[in-house]
Amino acid sequence: MRYLPLTQPDRDAMLEVIGAASIDDLFVDVPEAARLSGAIHGLPNHASELAVERHMTALARQNTVAGEVPFFLGAGAYRHHVPASVDHLIQRGEFLTAYTPYQPEIAQGTLQMLFEFQTQVARLLGTDVANASMYDGSTACWEAIGMARRITRKSKAILSGGLHPHYVSVAKTMAKYTGDTLETATPQLTADTDIDTLIASIDAETSCVVVQYPDILGRIADLTPLADACHAHKALLIAVVTEPVALGAIRSPGEMDADIVVGEGQSIGVGLQFGGPYVGLMGCKEKYIRQMPGRFCGETVDANGKRGFVLTLSTREQHIRREKATSNICTNSGLCALAFSIHMTLLGEAGLRRLAGINHAGACRAADRLAQVPGVELVTQSFFNEFTLKLPTEARPVVRTLADRGILAGVSLGRLYPDEAGLANGLIVAVTETTTAEDVETLAAALEEVLA
Amino acid sequence: MSINQSGWRPKMTAANGNDAAPTFTGNRALMLEEALIFEIGDTSTTGVDFAEGDVAGSRLGDLSRKAPIGLAGLSEPETIRHYTRLSRQNYAIDLGLFPLGSCTMKHNPRLNEKVARLPGFADVHPLQPVDTVQGALGVINELAVWLIELTGMHGVAMSPKAGAHGELCGILCIKAALEKRGEGHRKVVLVPESAHGTNPATAAFAGFMVEDIPATADGRVDTDALKARLGPDVAAVMITNPNTCGLFERDLKAISDAVHDAGGYVYCDGANFNAIVGRVRPGDLGVDAMHINLHKTFSTPHGGGGPGSGPVVLSEALSPFGPLPFTARMADGHIQLIEEETAGDDHPDTFGRMTAFHGQMGMFTRALTYILSHGADGLRQVAEDAVLNANYVLRSLEGTLDAPFAASGPCMHEAIFSDANLAEGFSTLDVAKGLIDEGFHPMTVYFPLVVHGAMLVEPTETESKAALDQFIGALRSVAERAKAGDTALKSAPHFAPRARLDETLAARKPVLVWKEPPLAQAAE
């Protein structure tokens, strides 16, 4: 029991101080019937580090590791190279084993980092302010919908067909309980996004329009006309960014006058991790900060006049406002926000732009090559590092077949939209700086064989 | 756990021992001041080298970014130094005892970190074909089995991202179950006054009306008041056990039976499960839903405010309503992922999806590693040592500080004190800040609300007797100073990287992002 420092003589001495005859005396308030006498069913006794590591390693080996095969998955989680110093720094015990910075005099490290993170996120998204993180992109998205309801006092949200279907599912779940009405759509396998349809559907009841940029099929479109249409009806534009690296190459949603911008920060600093933990990004126009969920770090001074940082505007939060809070969120994604911030500091603006350029150029080359495979059609014309192919057959079995050959080919639309027969032939392919020319050639050659 | 709510703000520069001899840099030997990245970096610097190569060719249309972003970059050595310097301004479990009541700051085993970083877990995409992620699904499934066994429940929802998200999951299960029964009219959720703020916030979010239930003088839920309030409009009771006063709710089974008889459900806030793990199963107490903070009981790192992970164990009555996705082990050992596609057949009553993917995989690997390392005997010892340490603190300090429930019997994993016998003009906040100068993180202060000037101390099981003795000595010394009216305490901490910070200023004129100083000022 290597994690438990008390010795039996310690325990005996402490019981004596307490005035208890045995440890059971300290559990007297537990009713007899509720006391568990035996061991937990089936759970072995304590094990050595070696034994546990062996067990866990065996489980890890049953997975196909993304970095060991040609890999093209995206759709909300992206594989990027994370510099070694990021993981080193987040494992410093002073970051890893600290708590939420409620005692600011001895938490300036976390607080200053959060202030820097908020600034980086706001600048990247093009918003005035950003909060100190949410759980992930999907939960940040539904929190934004709730925020729009509080600001506009209207409850009809229009969700673009290009919004990640899991994000739509999360919003649908929450809307059942919050009284929001959601208008949703499925994407069409076309080059154009649904922005014109969205603009036509806004009316006086609309609280917000939620649009993903780039969208689930990888498409990008100017959001400015949509923002104008929203504002003409006193509705808010919520933009969702699942691949923040894109904002090194394309205009930010804030620049196009989005009111709230949320994002999934995973692709900078965090890694794939089978879906979590990730880090939700959330920024907005300054006038809306008091309706924002989550934590804010703010600048102030100490009693000696020195600059310092504290958690602030907490009167929005659950520990003060209880049932009147803007959200029930408490713990957020502090350590992932740190990883994001360190990676972003290493990149800097020049590095982010270069990284984005490499991603985009690689994706263009891959799209051109894959579109040469007989029967394969490139659906997406304007894109960043992810595009959609239309195969001559259902994509899902093709993905499975290629996985058996050691190629992780992308995300089939059949996996994301099992009930939409019209989308079954779609395959979303992501290309990042980690994708090599050989990977693309391997995929293209295998597709040629499988589709022949 | 709780933030400073005392309303204190600085009025004048305090005499600060630290500033007695100014230095050129503002540094004090190992205490190094560090500017913001925006003040030391610039937009043309990068700490990352990329492969040479052509980045021409654009399918970006007119969306190509033209405006600058304003992101400061640093070289790698500068980056390492910046964050290393920042890290040294933090208190952490790795530095010392971290007695935050209800937050459970225990040692984070490093094997867990190593395991979470195995490429087979860290470098796997959530949408890979299920045949290529059987080991990852195996981790989720194995952890789920142990959580069910440890709690004596029927099922578990693994996807909630943190405790509060788990609370929401449990409450949505209750809501869905009521609607299925045609009793959606039950609108009231009863929450004890001593509950975490997330409880009422969660219930309100789900559209329930929250009503407070008072506490008795001995620090427990007033069972009679609770039973008297039950009726056809009550959907659920949210109860924390052990509660936030550090006491076991003796009557929980009787409460559960009464709630069930009245047609409601019992939600248990499992934030304090670490006190009873291996000794008591909440399922045996009639609980219908309970979230487990993996970052508390099972020691995944708090990371300066997350990520957490909040799986929710469910009774047989609520299990059919749990969220997607989840795993199911087939007869042949293959693990299936139940998502929207197959839910119609396998799980028709699910309330839906709470998050994009499968939950906090990186926390699951750590928690499973922790459970297997401790085993059945170790987990039981965890609860026993946690309770022993808390009682040792309680009995060692009850003669110094007012301990409002000391006469109620033993505490569980945390000991609570009040500000009752401090000198006039001295507050819990002063004691907390005095502890900082002694090299300790303060306990949770001003929570729970049922105790005036509450100080909630949770030492956890990973502290040695020597560490406890030193902490007890320090707290006793600071408390004696507060009782004697030592004014130096009012301006503590004196030796921290910062003196007390002006929280009122921060809230009144929020500065949430860095802005370039005006040119004239910058030129000075």
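1. Confidence. The model is predicted, and it scores ipTM 0.97 and pTM 0.96. In chain B the average pLDDT is 92, and 95% of the residues score at least 70. A stretch to read with care is residues 1-18 of chain B, where pLDDT stays under 50. For that stretch the model has 45 contacts beyond four places in sequence.

2. The interface between the chains. Chain A puts 169 residues into the contact and chain B puts in 185 residues. On the side of chain A that touches chain B, helix H11 (residues 334-370) of chain A gives the most, with 21 residues. That side of chain A is made up of 85 nonpolar, 58 polar and 26 charged residues.

3. Helix H1 of chain A against helix H11 of chain B. Two packed helices are described by the angle between their axes and the distance between the axes. Here helix H1 (residues 8-18) of chain A packs on helix H11 (residues 361-397) of chain B at an angle of about 40 degrees, and the axes are 9 Å apart. H1(A) and H11(B) are therefore oblique to each other, and H1(A) passes H11(B) in a left-handed crossing. From H1(A) the contact has A:Arg11, A:Met14, A:Val17 and A:Ile18, which meet B:Leu388, B:Asn391, B:Tyr392, B:Arg395 and B:Ser396 in H11(B). Sorted by class, the residues of this contact of H1(A) with H11(B) are five nonpolar, two polar and two charged.

4. Helix H11 of chain A against helix H2 of chain B. The axes of H11(A) and helix H2 (residues 76-87) of chain B come within 9 Å and cross at roughly 150 degrees. With an angle over 145 degrees, H11(A) and H2(B) are therefore roughly antiparallel to each other. The crossing of H11(A) with H2(B) is right-handed. A:Ile342, A:Thr345 and A:Leu346 in H11(A) meet B:Glu76, B:Thr79 and B:Tyr83 in H2(B). The contact of H11(A) with H2(B) has three nonpolar, two polar and one charged residues.

5. Helix H11 of chain A against helix H5 of chain A. H11(A) also packs within its own chain: its axis and that of helix H5 (residues 108-125) of chain A come within 9 Å and cross at roughly 65 degrees. H5(A) passes H11(A) in a left-handed crossing. H5(A) contributes A:Thr110, A:Met113, A:Leu114, A:Glu116, A:Phe117 and A:Gln120, while H11(A) contributes A:Gly334, A:Ala337, A:Leu338, A:Phe340, A:Ser341 and A:Met344. Of the residues in this contact of H5(A) with H11(A), seven are nonpolar, four polar and one charged.

6. Domains of chain A. The domain assignment gives chain A a domain 1 (66-81 + 353-451) and a domain 2 (84-343). Their C-alpha centres lie 28 Å apart. The contact between them takes 30 residues from domain 1 of chain A and 26 residues from domain 2 of chain A. On the domain 1 side, the elements that give two or more residues are H11, strand E11 (386-390) and strand E13 (426-430) of chain A. H11(A) gives the most to that side, with six residues. The domain 1 side divides into 14 nonpolar, 11 polar and five charged residues.

7. Domains of chain B. In chain B the assignment gives domain 1 (112-123 + 130-367) and domain 2 (383-507). The C-alpha centres of these domains of chain B lie 31 Å apart. Domain 1 of chain B gives 18 residues to the contact and domain 2 of chain B gives 17 residues. On the side of domain 1 of chain B that touches domain 2 of chain B, eight residues are nonpolar, seven polar and three charged.

8. Backbone details worth checking. Most residues other than glycine have a negative phi, and most peptide bonds are trans. In chain B, a cis peptide bond joins B:Gly306 and B:Pro307, with omega about 5 degrees. B:Pro307 is in the loop between strand E6 (289-291) and strand E7 (312-314) of chain B. Another cis peptide bond joins B:Leu324 and B:Pro325, with omega about -10 degrees. B:Pro325 is in the loop between E7 and strand E8 (326-329) of chain B. In chain A, A:Ala75 has a positive phi, near 55 degrees, although this residue is not glycine. A:Ala75 is found in the loop between helix H2 (49-60) and helix H3 (84-90) of chain A.

Technical notes
Residues are numbered from 1 along each chain as its sequence is written. Chains are lettered from A and ligands numbered from 1 in the order in which they are written. This is a predicted model: local features need pLDDT of at least 70, side-chain atom pairs count only at pLDDT 80 or more; totals for chains, interfaces and linings use all residues. Axes are lines fitted to C-alpha atoms, for helices over the stretch in contact, and angles run from 0 to 180 degrees between N-to-C directions. Helices (H or I, at least four residues) and strands (E, at least two) are DSSP runs, numbered from the N terminus. Angles under 35 degrees count as roughly parallel, over 145 as roughly antiparallel, 65 to 115 as roughly perpendicular and the rest as oblique. A crossing is left-handed if the near helix is turned anticlockwise from the far one by less than a right angle, and right-handed if clockwise. Two residues are in contact if their C-beta atoms, placed from the backbone, lie within 7 Å. Ala, Val, Leu, Ile, Met, Phe, Trp, Tyr, Cys and Pro count as nonpolar, Asp, Glu, Lys and Arg as charged, and the others, Gly among them, as polar. pLDDT is the predictor's confidence in each residue, from 0 to 100. Domain bounds come from an automatic or database domain assignment.
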